[in-house]
Amino acid sequence: MKKMLQYGVYLFFFGLIAYSPVARGLFFRPDYTRFFMVVSAFFIAVLLDSLLRRTTLFRGDIADWGMLALSALYALSSIKAVSKLEAVDGALRYAAFLLIYITARHIAIDGAGRTLIAASVFISALVTSIIGLGTAVELMKFPGAYENLRIFGSLQYPNALAAYAMFASLTGYYLWSRCSRETAWLRPVIGMGMYVLTGVILSSQSRITWLMYPVFLLLYAILAPAETRGEFGASAGITLLSTLGASPWFLRALSLKQPRTALVYLLAGAAGAIVLESARTYLVPRLKEAAWRDQKRAKPAEVRGNKGRTKEAKSVLTTAAGTPHDAGVRRAGGDLGGKGPGIQGWVRPAYIAGGLAAIIVLLVIAIVAVPEWRTTVSQLVPVQIARRFTSITLKDRSLLARLFSLQDAFAIARDYPLLGAGAGGWDALYHQYQKVLYYYTETHSHFGQVAVETGFTGFIAYTAIWAGVLYAIYVTVRIYRRKKRDFLSAKDIPVTGAAALGAPHAGRVFEQGEPQRRRFPAFFKGPLTDAMAEVAAFGTAALSLGAHSALDFELSLPAVMAALLSVIAAVVSARDSAVETVEPPPGAGPAAGKGKKAGLTGRSSGADRALQRYPSGKGIQRLTRYAVQIIPTWRRAAELIIGAAVACALWIPASAHLDGMKMGGAAVYYVVTKQDYDTAKKYLYSAAKLDPHSSEYALNLARIAYFQYKETGKDEHRNEAKLYIDAARRLRPGDITDIQVRAGILNDLGFLDESVEEYSPLLTLVPLSRDVYEAYARLAMEAAMQHGEKFLAASAIEESGGSGDAANQAAFHKRKLQDYVASVLKLPEAMAVRKARITGPYAEYWNPKNLDPSPRMNLYLGQACYLAGDGDGAVKYLSSALSDSSSRETASAWLQCVSLRTGKPLPVKLPVTPDRETVKKIEPMWGLGAGK
């Protein structure tokens, strides 16, 4: 039962990480809501597994506290969020992230679990990449997987796929190095996967990833222990050679729209990767063996048996021979006691391949830095790739926009410093802070995104997670180098120390009575080296995706963030493994420990101490012993209760929201397919109860009432639509898209004043959009014309001896008309103020002339001047509006009215003859808006 549950948890975790990117990147609300429910249900099994294995889930590392604090802050930020719906979804998202992180920490407690995490990430990225490549060569069909020479895969952005492929490839190098002799057949398979991921990095055309990938390859080589650096160099060299050899031809074939030819080049590169990797796996060991035999015949006295060795060397060999790391040393470098080729052989093809990889990396950097080299490369690759490659500059528009968005993100955080604006706060607020117009639904920096959504407190918590990663790398590197330095400087090594470090054949270093210090790598091969290799791989992978997210895309996708948090958990757990290797907890076994040392292994010492107090016996002793084994300690009990509560808090609203979306979908079906409005309304009522923060259902009810009004003409449906619009406004008052929809429905229903009032906040929400100014001017002038007609009618009734109500109505309509005219005439000044701020690098990104009034807006400004009695202003603006074909006829009519009212000839010739009815309607409104 215990083992089955453990394996079930491992298998389900693998499916969770491997499948999530394939499900459209969990980008859309129905997809990620289901994901939340799956995570919450899965975590209950994790809690049960933790109970049976008697392990603690929360271990109190810096990254652990940072993740816990960040999730709590997202929950708190939803209380007074700018956008309630997105804030609630954000709180649920980070609750799911917290459960995934804790699960990954639970799984990564040993090396097998960390290997599982690496394999899950690698396979998920590989499947996502194959979807994109398969769609590009027309082997499969996946919507949006390939567009215009760019590979998207199942994710929503090519940059996200490139970053994920880079991230997963670094875990792939780790998997490659973990293959033993028994599983050597996996190395060509992994090598082919590495080729696919590297090819996707190039095909996605993500320029920031092109620059970052060689940098993190070098970082990996620096962090990797000396014992595995050669293996990494060999794998990286083979991957880069096969990718750079096939990808230019593959991309050129795609650019020529020859998918079958592209498939041939793609398969040729894969075959090259497999052949090179197979030669590296099966041919190089034979070359090493032949070289060792030649060396053995040349110097038999130095490698044969125990002859010539000191007593200390023989003692070390005898004592350490049975250590559990014997197989690991044989796997890595052969038998060092005289039975096979050691890793000190003079044939080093791994280092040769590593040198080639370093040369390739330097060439890539040089190509980026030297313009002449970029020009040469542009002649070898497709035009699209060359254009993007040669466009990498510090003044690139995309780079400037990302820097501007980061600056605006922290400006928002300054106004919401404690709890932030909640998830969705960026999309609701960023237009008010920007100095140039750009449209980003996210900040393109996850650090900035967290600062906006949770304030500086959340930014500190998120930074603490990365501080935990850096600290784990620092601690492991320090331990590894300190132990290495201590070994090389020592003249004698205790037998117990050699055995603890996993050196079953350490006696060779004591040849001729003195330690041969240059033989260190063979002696040091063991658990500490394995931990250092894990930290190098997982740490580099985590930092690569973290650095990419700081400048390029937002990691709100659960598909990507779940994998990243799992790798971060593996880094921290690998650090714990390194600490335990060097400083094992007191007791007979590595799982035994007390206090903090027990927390490193995840074991709880309370039950162990209780079992010692109650030995096996009969009666109450047996019951007590059984109870101690089953009942957890207070810490694990608290973890179980809190974990179950968080899982339920995630499941219940996510389930309700999903049911609400299903009801909303059914309502759309009845409206579109069957035109059954009454049934659709019932479904929408139910959906609004299940998902109370969504304004979509209220807007759909308003649309249905609008359709009924158009069909029947009944005022009850017209008023009903207005009521639903009011309800939608209360739910999401500042959402830009909702405002436009609400204003449009009100305008079509004839509620012109309400339409202007609904739309006017956009002048503040999006103050740099000329389209917003133009739309507001149109709505305001339509309302002004309506009030002008009503004013003239009420004035006629008053002049004919009507009641006092007519005078009041006339005064009301004139006041409203004057308000609208004044608001429209202020628009050019507001645009000019914003335009004056666009200087320096802002002007390089966005042309200030984009804030000049358009010809169509000049039409509305000319109408406002006419209503205000400003003849010169009206002629100026209306003459400019004649250049717009859609405004020409209306502008001509208004210009004709200006000429009739002022008695002055027009400075321009009218392109069309004004309509008499239109002129008759407009002419009496001259000067009605004056006085404001």
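Modeller: In this predicted model, local features need pLDDT of at least 70 and side-chain atom pairs pLDDT 80 or more, while totals for chains, interfaces and linings use all residues. Residues are numbered from 1 along each chain as its sequence is written, and side-chain values use heavy atoms, without hydrogens and water.

Colleague: At roughly what angle do the axes of helix α7 and helix α9 cross?

Modeller: Helices are DSSP runs of H or I with at least four residues, numbered from the N terminus. Axes are lines fitted to C-alpha atoms over the stretch in contact, with angles from 0 to 180 degrees between N-to-C directions. The axes of α7 (residues 186–203) and α9 (residues 226–255) come within 8 Å and cross at roughly 50 degrees. Therefore α7 is oblique to α9; angles under 35 degrees count as roughly parallel, over 145 as roughly antiparallel, 65 to 115 as roughly perpendicular and the rest as oblique.

Colleague: Is Leu650 buried or exposed?

Modeller: Buried means under 20% relative accessible area, exposed over 50%, and partly exposed in between, with a 1.4 Å probe and protein chains only. Leu650, in helix α26 (residues 634–672), has a relative accessible area of 0% and is therefore buried.

Conventions
Helix = DSSP H or I, 4+ residues; strand = E, 2+ residues; numbered from the N terminus.
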